[in-house]
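Here is a short report on one protein model. Keep the picture in view as you read.

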Amino acid sequence: MANPEQGNQTSITEFILLGFSTLPELRILFLVFLMIYIATMAINLLIVALVVADQSLHTPMYFFLGNLSCLETCYTSTLLPRMLVGLLTEDRTISFSGCLSQYYFFGSMAATECLLLAVMSYDRYLAIHKPLHYAACMRGRSCLQLAGGTWIGGFLANSITTLSMSQLTFCGPNGIDHFFCDLIPLVKLSCNDPQVMEMLAFTLCLIFTLVPFLLTLMSYICIIVTILRIPSTTGRQRAFSTCSSHLIVVTIYYGTLLIAYMFPATNTLRDFKKVLSVTYTVLTPLVNPLIYSLRNKEVKEALRKALRKCRVGQC
């Protein structure tokens, strides 16, 4: 055991990410995740480039979509490169500082995405429920403030948790039963009383996950009520099409995230929770831009115009 007089010093300097170590054919898994990573980066960067370059996409909805795609590229890059190195070299060790840094950036961006999805649902609420006041409410300055607030809020919130985690003492074992440094597996390995950290994590989870989820849910209840009041079928379909893509993204992200952290941490559900973690950390950043681009006429038209320019040598 660590000496109590050591304070916040750690007797463990590195951890082992057990992750997928029990699975056979790690090289095949490496190729799968490598293709997912390349596709995620390419598609999200393409969405960001389209939003910046195409004048028709200079609207609040696409401004937030560009922020989401930018967030997804950073979100994926905090986890997948380290995972790919581990799968390829079978070196699963990560330093304490590296583990803490990975958790900080992952947790900050997860909180930012929760806030950003809530802001995007509010944007759709205003567009459908108050169309006459939409332009006045969602001016350029307002959009910048809302987007900036989500990034600042997410990073500040996780700074508190990360700072608290840096004060924990780890005296063995050092095997993290996950493919990245997450809060719960790390707290389980510490020699300290986990109740304080668990309470802090629970409080921040309520504020930055459950509250944005409830705000998003309330926005969509209001949106659905407003849509149902539209007399014509064509009008209802047009109104719902403006927010259906965002609704799918919210369902996928919050569904997997909440289930992964609401289920009790038992041995029976351990592998199932890893699958859910893969969904919201690896697959969701890939699926999000595909849902928006495949279901959105404006994005597809912007892509066609960009391709036409490239064909004539203007890109």
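At 21% relative accessibility, Tyr104 counts as partly exposed. Buried means under 20% relative accessible area, exposed over 50%, and partly exposed in between (1.4 Å probe, protein chains only). This is a predicted model: local features need pLDDT of at least 70, and side-chain atom pairs count only at pLDDT 80 or more, while totals for chains, interfaces and linings use all residues. Residues are numbered from 1 along each chain as its sequence is written, and side-chain values use heavy atoms, with hydrogens and water left out.

## Aromatic rings

The structure holds 14 aromatic pairs. Rings of Phe, Tyr and Trp (its six-membered ring) pair if their centres lie within 6.5 Å; planes under 30 degrees apart count as stacked, over 60 as edge-to-face and the rest as tilted. One of the pairs is formed by Tyr104 and Phe105. Their centres are 5.2 Å apart, with 70° between the planes, and the pair is edge-to-face. Phe105 is partly exposed, with a relative accessible area of 38%.

Phe213 and Tyr254 form a tilted pair, 5.1 Å centre to centre and 55° between the planes. This pair links distant parts of the chain: Phe213 sits in helix α8 and Tyr254 in helix α10 (residues 244–262), 41 residues apart. Helices (H or I, at least four residues) and strands (E, at least two) are DSSP runs, numbered from the N terminus. Is Tyr254 buried or exposed? Tyr254 counts as buried, at 1% relative accessibility. Phe213 is partly exposed at 22%.

Ring pairs also build a cluster, which links Tyr75, Phe106, Phe179 and Phe180.

## Cysteines

A disulfide is a covalent bond between the sulfur atoms of two cysteines. Here the rule is a pair of cysteine sulfur atoms within 2.5 Å. By this rule the count comes to 2 disulfides. The table sets them out.

| Disulfide | S to S distance | Torsion about the S-S bond |
|---|---|---|
| Cys99 and Cys181 | 2.0 Å | about -120° |
| Cys171 and Cys191 | 1.7 Å | about -125° |

Take Cys99 and Cys181: the torsion is about -120°, so this disulfide is left-handed. Cys99 lies in helix α4 (residues 96–129) and Cys181 in the loop between β3 (175–176) and α7 (183–189), so the pair ties together parts that are 82 residues apart in sequence. Cys99 is buried at 0% relative accessibility. Cys181 is buried too, at 0%.

Now take Cys171 and Cys191. Their torsion is about -125°, so this disulfide is left-handed. Cys171 lies in the loop between α6 (140–165) and β3, and Cys191 in the loop between α7 and α8 (194–228), so the pair ties together parts that are 20 residues apart in sequence. Cys171 is partly exposed at 22%. Cys191 is partly exposed at 29%.

Number the bonded cysteines of the protein in sequence order, and the pairing reads 1-3, 2-4. Cys70 is in no disulfide. Cys70 is partly exposed, with a relative accessible area of 33%, and Cys74 is partly exposed at 28%.

## The sheet

What is the order of the strands in the open sheet? The sheet has 3 strands in the order β2-β1-β3, with mixed pairing. Two strands pair if DSSP finds at least two bridges between them. β2 (93–95) and β3 stand at the edges, each with a single partner strand, so one side of each is left without a neighbour in the sheet.

Strand β1 (residues 14–17) and β3 run parallel, joined by 2 bridges. Leu17 has Ile176 of β3 as its bridge partner.

Helix α4 lies across β1, β2 and β3, at about 85° to β2. Axes are lines fitted to C-alpha atoms, for helices over the stretch in contact (heavy atoms within 4.5 Å). Angles run from 0 to 180 degrees between N-to-C directions.

## Asn67

Where is Asn67? Asn67 has its place in helix α2 (residues 60–77). Asn67 is buried, with a relative accessible area of 14%. Not counting residues up to four places away in sequence, Asn67 touches Leu116, Ala147 and Trp151. Asn67 and Gly235 are 168 residues apart in sequence and 29 Å apart in space, C-alpha to C-alpha.
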